[in-house]
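Open your viewer and have the selection panel ready. We will go from stop to stop, picking a few residues at a time.

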Protein chains: 2
Amino acid sequence: MSIKPSSESLESVESALKEHLPPAVYDEVRRVLYGKPVAELPIAPSVAASAQSQAASFELKAYSMAALATKEQVRQPRLVRIGLIQHATPLPTDAPVLEQIEAIHAKIGQMVDTAAQLGVNIVCFQEAWTMPFAFCTREKDPWLQFSESAETGKTTQFCQSLAKRYNMVIVSPILERDEVHNDTIWNTAVVINSNGRVLGKHRKNHIPRVGDFNESTYYMEGNTGHPVFETAFGKIAINICYGRHHPLNWFMFAVNGAEIVFNPSATVGALSEPMWSIEARCAAIANSYYSCGINRVGTESFANEFTSGDGKPAHKDFGHFYGSSYVTAPDGTRTPGLSRVRDGLLVTEVDLNLCRQVKDKWGFPMTQRRDLYAESLAEAVRLDYKPQIIREKPE
Amino acid sequence: MSIKPSSESLESVESALKEHLPPAVYDEVRRVLYGKPVAELPIAPSVAASAQSQAASFELKAYSMAALATKEQVRQPRLVRIGLIQHATPLPTDAPVLEQIEAIHAKIGQMVDTAAQLGVNIVCFQEAWTMPFAFCTREKDPWLQFSESAETGKTTQFCQSLAKRYNMVIVSPILERDEVHNDTIWNTAVVINSNGRVLGKHRKNHIPRVGDFNESTYYMEGNTGHPVFETAFGKIAINICYGRHHPLNWFMFAVNGAEIVFNPSATVGALSEPMWSIEARCAAIANSYYSCGINRVGTESFANEFTSGDGKPAHKDFGHFYGSSYVTAPDGTRTPGLSRVRDGLLVTEVDLNLCRQVKDKWGFPMTQRRDLYAESLAEAVRLDYKPQIIREKPE
């Protein structure tokens, strides 16, 4: 078995705070760190049991942020339930490719079934969810065999059947092979509408060259702009993984009207964990939309060793994916995170009306001075741009 | 006495975690929430005593982040000590204007003296540091009497003498009256060089219209762009208060080469506290520089009551400024915050070399695709811009 049990001892920061802080201190620390209270959604015992009884049991958490929005006179509440799924790859990374994909499909199919029982309207999976995150190996084979057509691949077909069955929008981030255009490979999120049709796709805009990963070994910067997908359950967009480090990427999805932006990711503790709770949350605040961070979980081990460009010995895994998926509301309030060490489904009920309410309250779009920055940025990209630096003049 | 003692019971999140979490749990929670360990800087007993013995005693904390940077073969370390000062206004808000200014000068002069004893090279005060944050009142008088010339005002002269005495760069955010240009009023940070000369000034780029504050009652959006000030202790910039909600503001200071960006602020708990630890920190991460959040502390009460546009009764104070000033390194590591309830001086030693090291490691500027966003933003500000929205086509 190539999936090592995690050596991480902390289930989550939130569970540790709840366990150890005296109640009055906890309330105040929780408020400062996480914002307004978030209600737990009731989970029927039969549904809770289904999350435990399955071959691969998973953590199930459900919250409502609906009360963050106020009642309006001119619009009805627009309640939507968002599902985020984080999972470890169930088979060893050297199992046959098709078997790995099938095993993942089977596992996620069960989790989506639970999500449906909890009334989830939109579900998003983690980055490259049908495969190990093998881009550290720099091997093309067999990993490129996990790539599929965004429009007609097996994984898209699988999601289409789930979407139709459950009347659920599915965001499916995969390794895309575009056979129509010269077999180009992309890191792509496919959006499947709740009627089962492929609504469109978005390709990862920013590619890391950091630590174990230069993912441009496999695919290049996306060419799909910043699309927002209009679904029956709101306007959604996807900022894939490393794009979360780029505020302008988050920003353009807001410009195009996103109400929920998903950030399907694959990132490990030593590299990024202290940033994880900051970036997607800051994006929700700055852009007055809901943001959803989804990170895979577990440690993946590979058959052939690889190096990390850091002078250390070759190795077969590059660390622990810390999960910790969470949702932030446009007012900055966030849910607790899923476990750092287990598969999980996070269900969050939100009222999309809150986006406009927060814009009306804080006025960030209005005070953004986009004209100023359009000018500044146009200047800044010129090769002869002179940064605005103030130096002391000689007497 | 118009300064109410704070009703807030929590000294700081960090002190509560340290007090209540078991050591092993604390270490891991601290890592996830705050990043790499930050060393405490030794404080000589005589210096510590000076912070206690003064009429207005204040919290004194000192850390070193120098170890976050690695030794380079081609550059010597560039160690700089940053001082952040947060304070409550010492006199009632209805005391004579000149007495209030003098009392604040006296208090801050003592704190800067302590900073000097700890080797601080650059100090930054809070937003509009010489006055109560009276913009909630919508009264012009007497508050506009606190305004001064950035170049020749009493406060600038006061800072010049401190700067020269201590060989210290001082960032002095004041209410500016520009007598030369039609008595315009601005929210301005004056940068005084370590030789005592005024190096330049920056005017607040983004003005809030939120909660108790429409500050455009008093001053308009700044017209000084995004200047970076080249000092003997590094390239610094200032993102004043509400500008911290605007990622593009933070971004342009990075484009112009800032290594440290200060965010002098005045903000209260009910409005913004859960965002406070997110925004400046995210900016440090996204832009590979040090960011420094400084917030005033205490509750200020005014002679005449005012309303907040929220249907609630008129009142004389609008809540508790929660302090919590802190520094974030470009790798996302942050210091503990100063107290939520007391005056304080936070000294942080940093190695400016870390900025370039983090850019080299993470590559955010390189992978930013500025050309793409220059184009996108130019499009987005056109009145006829059509957002990129993907809708299902009719069959």
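What follows is a short tour of this model, with something to select at each stop.

Before you start, note that this is a predicted model, in which local features need pLDDT of at least 70, side-chain atom pairs count only at pLDDT 80 or more, and totals for chains, interfaces and linings use all residues. Residues are numbered from 1 along each chain as its sequence is written, chains are lettered from A and ligands numbered from 1 in the order in which they are written, and side-chain values use heavy atoms, leaving out hydrogens and water.

**Stop 1: the nonpolar core**

Select Phe262(A) and Phe262(B): of the 86 residues in the largest nonpolar core, these two touch the most other members. A nonpolar core here is a set of buried Ala, Val, Leu, Ile, Met, Phe, Trp, Tyr and Cys residues joined through side-chain atoms within 4.5 Å. Buried means under 20% relative accessible area, exposed means over 50%, and partly exposed lies in between (1.4 Å probe, protein chains only). In soluble globular proteins, nonpolar side chains tend to be buried together.

Now show what surrounds Phe262(B). Setting aside residues up to four places away in sequence, its contacts (heavy atoms within 4.5 Å) include Ile82(B), Leu84(B), Cys124(B), Ile238(B) and Ile294(B).

In chain A, pick Cys124(A), which sits in strand β4 (residues 122-124) and is buried at 0% relative accessibility. Among the residues in contact with Cys124(A), beyond its neighbours within four places in sequence, are Gly83(A), Val171(A), Phe262(A) and Pro264(A).

**Stop 2: a sheet with strands from two chains**

Switch to cartoon view. Six strands form an open sheet of mixed pairing, in the order β16(A)-β13(A)-β12(A)-β11(A)-β10(A)-β18(B). Helices (H or I, at least four residues) and strands (E, at least two) are DSSP runs, numbered from the N terminus, and two strands pair if DSSP finds at least two bridges between them. The edges are β16 of chain A and β18 (389-390) of chain B, each pairing on one side only.

Zoom in on β11 (234-238) and β12 (260-265) of chain A, which pair in the parallel sense over three bridges. Here Ile238(A) stands opposite Phe262(A).

**Stop 3: salt bridges**

How many salt bridges does the structure hold over all chains? There are 48, each a side-chain nitrogen of Lys or Arg within 4 Å of a carboxyl oxygen of Asp or Glu.

Select Asp331(A) and Lys36(A), whose closest N and O atoms are 3.9 Å apart in a salt bridge. Both residues lie in loops of chain A, so the pair ties together parts that are 295 residues apart in sequence. Asp331(A) is buried at 16% relative accessibility, whereas Lys36(A) is partly exposed at 45%.

In chain B, Glu300(B) and Arg296(B) form a salt bridge with closest N and O atoms 2.6 Å apart, and both residues are buried.

**Stop 4: where the chains meet**

Colour by chain. The contact takes 86 residues from chain B and 86 residues from chain A. About 8000 Å² is buried between them, with carbon and sulfur atoms giving 65%; this is the accessible area (1.4 Å probe) that two parts lose on being put together, summed over both. In chain B, Trp362(B), Tyr373(B) and Glu392(B) lose the most area to chain A.

Eight salt bridges are counted between the two chains. To finish, select Glu273(A) and Arg31(B), a salt-bridged pair with closest N and O atoms 2.9 Å apart.
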